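Please look at the model below and follow how its two chains are put together.

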Amino acid sequence: MTRTIMTVDDSPSMRALLRHALAGEGYQVETAEDGVDALERIDDAEPDLVITDINMPRMDGFELIEAVRGHHRWGNLPILVLSTEFSDEKKQRARSAGATGWIVKPFDPVKLSAAVRRVLV
Amino acid sequence: MNAQVGIAGTGAKPGAKPGALRADGFRHIGIIQGDRGVSADPQIMFSTVLGSCVAACLYDPEAKVGGINHFLLGEPQPGQVVDPAAQHRYGVHAMELLINDMLRHGARRDRLRAHLYGGANLHAGMRAIGSDNAAFAVRFLQQDRIPLIVRDLGGNSARRIDFQPALGRSRAKLVRDAVPAAPRRPAPISAPVHAVASGDLDLF
């Protein structure tokens with residue numbers, strides 16, 4: 001069965017990069033441009049994994065993670081952060097919000113796909 | 001005084017600091033390859049010298065904050081295989097770092113305007129690295145829907161760029177007989193831009 005990954009990033013260029021990398025590995029890719037967009041579409045997208053940026057307008061990655069964790073249907077969904085940020089403070093915040101893991105950009109497609117395989121249940 | 005200057009280098013290096021106030025009324029900050037700078041201080045002037053590299057000057061007219069980067073997608077050695085996908089990823093990353101710094105200084109993505117400079121092909125007969133860099137930058141702005149206001153790309157002369165971030169004003173001068181003063185180290189295509197390992201999964 002094809003697994004679905006929802007990527008959340010405010011940069012169209014980054015969304016295109018991620019789509020290309022993940023679709024090439026055989027995943028169905030759904031994209032959202034920020035946290036609000038992701039929450040609006042998550043029920044239709046039915047993702048097996050969310051990969052989200054942190055710095056986004058309207059609703060950032062931290063708020064998105066908290067909202068997904070509070071969602072009756074998506075409370076246990078794996079969520080990876082993919083961000084240019086790398087401070088321990090930010091990582092700790094994501095961990096507290098309920099993120100599954102953190103990857104620092106720029107991403108390497110091979111490492112990204114290994115990380116995805118590791119957290120997809 | 002909104003003297004916020006954010007300079008981020010490519011590694012542990014603290015980055016350039018503004019110099020003394022000069023006769024022209026500005027504190028100059030040099031931006032070398034791989035660096036970027038963001039400021040809302042009207043006394044700051046960013047300067048950089050470009051050959052085949054590209055500098056994107058971004059400006060938010062409402063927040064009155066501007067930023068500049070200086071990047072090279074890659075400079076393959078003779079015989080080295082170029083991975084266009086890796087180059088593209090590196091370029092997107094260079095732009096994202098600048099945009100994120102801008103957002104931290106109060107800019108909004110949908111208000112950004114861009115000036116692009118550089119992308120010269122300095123050496124006849126070599127692969128047109130400058131053209132590749134320029135084409136990437138134009139494509140990125142189109143894809144990210146950032147209006148390109150000033151476009152001064154290509155040719156075969158180096159350029160000196162001065163950018164006033166608080167006004168979003170830039171100017172370029174051709175540097176006829178000079179190789180850019182910036183170090184011509186190859187751009188780290190997929191190398192970590194941070195002190196921490198990029199791309200690795202940190203599992204919580």
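In this predicted model, six strands form an open sheet with mixed pairing, and their order is S2(A)-S1(A)-S3(A)-S4(A)-S5(A)-S11(B).

**Where the strands of the two chains pair**

- Strands of a sheet pair through backbone hydrogen bonds, and this pairing is either parallel or antiparallel.
- In which sense do S5(A) and S11 of chain B pair, and over how many bridges? Strand S5(A) and strand S11 of chain B, which covers residues 201-203, pair in the antiparallel sense, and three bridges join them.
- Within this pairing, A:Gly101 stands opposite B:Leu203 of S11(B), while A:Ile103 has B:Leu201, also in S11(B), as its bridge partner.

**Helices that lie across the strands**

- Helix H1(A) lies across three strands of chain A, namely S1 (4-8), S2 and S3 (49-52), and it runs at about 165° to S2(A).
- Helix H5(A) lies across S1, S3, S4 (79-83) and S5 of chain A together with S11 of chain B, and its direction is at about 175° to S5(A).

**The contact between the chains**

- Chain A brings 26 residues to the contact, and chain B brings 25 residues.
- On the side of chain A that touches chain B, the elements giving two or more residues are helix H1 (12-23), helix H4 (88-97), strand S5 (101-104) and helix H5 (109-119).
- Which of these elements gives the most to that side of chain A? The answer is H1(A), with five residues.
- Sorted by kind, the residues on the side of chain A that touches chain B are 13 nonpolar, six polar and seven charged.

**Chain B by itself**

- Chain B has two helices and 11 strands as its secondary structure, and from the N terminus on these elements follow the order β-β-β-β-β-β-α-β-α-β-β-β-β.
- Chain B has 204 residues, of which 45% count as buried.

Technical notes
Residues numbered from 1 in each chain as written. Chains lettered and ligands numbered in written order. Predicted model: local features only at pLDDT ≥ 70, side-chain atom pairs only at ≥ 80, totals over all residues. Helix = DSSP H or I, 4+ residues; strand = E, 2+ residues; numbered from the N terminus. Buried ≥ 20, exposed ≤ 12 C-beta atoms within 10 Å, placed from the backbone. Contact = placed C-beta atoms within 7 Å. Nonpolar A, V, L, I, M, F, W, Y, C, P; charged D, E, K, R; others polar. Pairing = 2+ DSSP bridges. Axes fitted to C-alpha atoms, helices over the stretch in contact; angles between N-to-C directions.
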